[in-house]
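Colleague: I would like to go through this model feature by feature. Please start each time with the general idea.

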Amino acid sequence: MQHYRGTKIWATFDHVANTAAQALTYALVCRFAGSQQHFSVASRSGVTAAPASNVTMTVDMQSYISASGNTFICRVLVGGGVPSNEATVVVPFKLPTLRLELSAVYSMTSSSQLVVLSPLTTTSPVVPLKAKLNITDIHTGQSHSVVVTANHYQQFQQLMHYSRFRVRADFFWAHDTSTVLATKVLKFGKLPITYSKPNVTVVLTPTSGSAVYAVISVARIPEAESDSDGHMVLVAKQGGNTFTRYVSGAGPRVFYLYSLTLTGGNLNVVVRYIPKASTASNGEVSSVPASFPMPAPLVKIVSFVANDPDDGDNVFSTGDTVNVTLNTPVRVRGVALGESFNNTVVGQLFVFSQDIRGSVFSGVVEASGMAVVLTATTATSAFVGLTHVRLRPDAPLVHVPSSQPATPTTSRRVLTGDFGVAVSVFASTKTSHTMWETQQASLGQLGFQLSSDYINSVPTPTPTVVVSTSAGTLEYGNNVGSNFTVTGSVSEIVDVFQTTTLSVFHVLRAVVSVSLTDTGSGAGSHAVVVTVRDVPESPAIDAPVSLTFGQWVTHGALSSVTISDPDFATRPDATVTASLYVHAGLELNVTDTVSGVSTNPLPGVATRRLVIKGTVPKVNQVVQTMSVFMNLNSMGFGLLSYLRVVVVDEDKKIAYRFVHSVVDCSQLPLEDFSATAIMSRRGNKVTVTFSHRFYYAGGLVPVASLFDAATVLRLGGDARVMPAGGMKLYIFLTPSSTLVPGQNVTLLEGTLKQCPESVVSFPSKGITVAAPENPLVPVVRVIGQRRLGSCDDVRLYASVANLGGRPRSYSWSSETVDLSSVDTSGNRLTLPNELVAPGNHTVTLQVRNFVRIMCAGHVRWSGLRREEVVMIRLTCQ
């Protein structure tokens with residue numbers, strides 16, 4: 001008797017019968033070592049083997065094994081005879097496959113986690129199995145051990161802090177603690193991370209004379225595993241105001257504060273980062289507290305005042321000054337306070353209105369830093385209440401005394417004060433006037449009149465007046481224009497004011513000014529701003545009588561079409577809606593997107609009806625740059641088309657225009673002509689696609705109408721072809737078609753043209769048919785007898801799907817059976833019995849479809865003379 005396999009034993013003994021026909025009963029009995037009590041483990045009855053021949057019994061002892069008993073002493077009992085000798089066998093304990101797994105991890109608190117471990121066996125062990133777990137914190141080096149039961153369902157759980165651990169499991173039998181059966185090692189968790197302090201930057205920007213906004217940027221915490229790890233808390237303080245922001249993630253982050261004041265004191269900022277508890281070794285981290293002073297205020301103009309130091313006259317002239325007062329002390333970069341600078345620097349600081357812009361100044365910033373005095377060395381004109389100034393956004397100013405770059409505002413200030421206290425020439429202080437664009441107004445109606453003091457001056461003056469307007473037309477006697485000069489008596493000048501008229505048709509705004517000088521002390525100027533009210537007028541459309549289109553795409557085809565609206569002069573922001581419609585044979589397509597213009601449909605979509613809305617210049621830009629497509633499939637040849645344009649303005653005034661259009665396709669070029677063909681996945685259709693559009697009046701026609709004889713032979717005489725979409729032909733194949741991918745179809749010359757009047761037709765061209773992108777793959781099934789008798793012929797039949805109704809080929813082969821005498825080209829194969837010798841055989845069937853995809857079905861059987869099930873295997877390539 002000996003150990004056989006696993007927990008089985010194998011007992012072999014001699015048959016003790018006198019004759020081969022004598023039947024005996026044998027019983028195998030065993031006892032544990034140290035025990036005299038036998039128990040039966042197996043028996044055999046009716047044994048008829050020849051005398052002295054071997055008898056074998058194999059027994060699984062698993063159910064008898066215990067922690068203290070795996071050594072058995074066994075013997076064979078013979079029915080009616082003498083028992084055999086005893087033999088001792090030790091059955092080893094069967095060791096199951098052992099594993100150590102991390103079943104789950106649960107976060108319990110901010111500093112601890114519950115870890116569930118499973119020292120597992122694949123099956124329940126024969127006797128109790130234990131595992132000694134040695135758990136080591138890799139970060140600190142501390143370790144402890146625990147002994148647990150190991151089976152296929154037991155789990156061990158323990159509360160641990162967050163770190164990275166190594167667990168070593170030593171497996172041993174419960175009854176033998178000194179022998180380690182196997183060792184498994186598991187690592188899990190993460191080493192604690194020391195996080196960097198948040199890196200904070202602050203940019204403070206003044207938004208007015210008193211307000212400031214802050215942009216607080218926090219860089220990403222570099223040690224964070226992802227941008228979403230942890231949380232950030234911003235705490236910012238200015239005076240008694242505290243601002244707190246709480247966001248998720250490790251950054252980068254940007255915070256905005258809009259409620260700061262220039263006078264509120266420094267901004268104190270601290271940012272805290274709170275990492276995930278499972279990865280933190282140093283808890284939350286805070287940035288270094290930082291204090292940021294408020295920036296200097298924005299620089300703005302407080303006042304703009306005219307002055308004549310010697311009161312020599314009352315008009316702007318050489319030596320007069322304009323004083324600019326600022327809200328905060330500054331100086332010109334590179335120029336000391338009280339130091340003068342030239343007109344070039346003045347131009348770098350200020351932007352003046354048009355009337356005074358031609359003047360030349362010298363300047364100086366006074367010691368206070370808040371007053372800039374500009375003295376005219378060359379004076380043009382300036383008007384109190386009309387002339388204005390603003391700071392340039394890039395003016396080279398720095399704050400005093402910090403020399404910090406200043407940020408100017410660009411709001412403007414209007415001129416106040418006066419240019420002297422000589423005799424007042426003009427009586428009216430009116431500076432504005434409103435009128436309809438179709439009206440006329442005299443200078444007197446606008447507010448120009450001489451003062452009584454000037455009229456009664458002694459001696460009697462002889463004044464000269466210069467009258468000008470920035471827009472519109474002035475008319476005085478035979479003088480018609482934008483300006484004129486008159487010299488005469490006071491009464492004549494009064495007449496000038498009453499008889500000179502201003503016309504502002506199609507003008508948005510005008511500034512009318514009158515300057516008066518004389519040989520005495522009289523001098524002065526006055527200006528009036530005229531606001532013009534619009535009188536609604538109808539739009540207009542300028543276009544040629546007819547247009548001719550001779551290309552597939554004509555870019556800028558409507559460049560000769562112009563839309564106008566007189567109201568644009570007084571309302572430049574007014575919009576119009578233009579509707580364009582083309583008749584059959586043409587399509588419109590907006591190619592350029594213009595800001596502020598809406599189109600329906602959107603740019604890039606060809607349409608016969610297009611609606612454009614926007615201001616007049618922008619609508620014209622769209623119309624004059626769009627493309628016109630020729631679409632021959634939508635019209636009858638030889639017929640005229642037309643373009644209809646309808647424009648509606650905001651006043652509901654409408655303009656119409658019809659433009660006759662001729663579609664001439666006779667000279668359409670045939671450049672870079674090409675064609676492709678592809679077979680459908682089922683092999684029943686071929687799609688031919690041309691690079692150019694074509695016109696063909698027929699519908700479903702025989703293939704001989706368009707292709708040469710060789711092609712017709714491959715396609716089959718009963719195949720049909722049909723035009724589709726203006727650029728494709730569909731060839732419908734029939735069962736008689738022999739065309740396969742890789743072969744050509746050849747178009748007949750002169751059969752297809754871009755239009756009937758085209759001079760050039762499509763050339764004769766051989767077009768290679770491509771295989772389908774996702775062809776059908778044959779599905780091969782070989783069917784044979786389920787069982788073969790020793791005298792049966794082998795009969796095999798091929799069932800093939802996914803052939804698309806097209807021709808296919810069969811080929812049977814075998815390396816073990818001679819098939820030379822049988823037909824191997826059909827879907828059936830019969831092997832006479834005499835061709836197949838006993839043994840293992842394989843027969844292969846190869847099927848090729850119309851796209852030359854081959855699939856093979858393999859039939860294998862063994863022991864032809866025995867009845868065995870036939871096995872089938874399938875491969876494709």
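Modeller: Begin with burial: buried means under 20% relative accessible area, exposed over 50%, and partly exposed in between (1.4 Å probe, protein chains only). This is a predicted model, in which local features need pLDDT of at least 70 and side-chain atom pairs count only at pLDDT 80 or more, while totals for chains, interfaces and linings use all residues. Residues are numbered from 1 along each chain as its sequence is written, and side-chain values use heavy atoms, with hydrogens and water left out.

Colleague: Which class does Glu650 fall into?

Modeller: Glu650 has a relative accessible area of 41%, so Glu650 is partly exposed.

Colleague: How do I read a salt bridge, and which residue does Glu650 pair with?

Modeller: A salt bridge is a side-chain nitrogen of Lys or Arg within 4 Å of a carboxyl oxygen of Asp or Glu. Glu650 pairs with Arg571, with 3.6 Å between the closest N and O atoms. The two lie 79 residues apart, Glu650 in the loop between β52 and β53 and Arg571 in the loop between β46 and β47. Arg571 is partly exposed at 23%. Both belong to a salt-bridge network that also includes Asp534, Asp567 and Asp651.

Colleague: How many salt bridges does the structure hold?

Modeller: Nine. Another one joins Arg168 to Asp170, at 3.0 Å between the closest N and O atoms. Arg168 is partly exposed at 41%, whereas Asp170 counts as buried at 16%.

Colleague: Now the strands. In what order do the six strands of the open sheet lie?

Modeller: Strands of a sheet pair through backbone hydrogen bonds, either parallel or antiparallel. Here two strands pair if DSSP finds at least two bridges between them; strands (E, at least two residues) and helices (H or I, at least four) are DSSP runs, numbered from the N terminus. The order is β44-β53-β52-β47-β50-β49, with mixed pairing. β44 (546–549) and β49 (598–600) are at the edges with a single partner strand each, so one side of each has no neighbour in the sheet.

Colleague: How many bridges join β47 to β50?

Modeller: Seven, and the two strands run antiparallel. One of the pairs is Tyr581 with Arg609 in β50.

Colleague: Which helix packs on the sheet?

Modeller: Contact means heavy atoms within 4.5 Å. Angles run from 0 to 180 degrees between N-to-C directions, with axes fitted to C-alpha atoms, for helices over the stretch in contact. Helix α5 (residues 616–625) touches β47 and β50, and its direction makes about 145° with that of β50.
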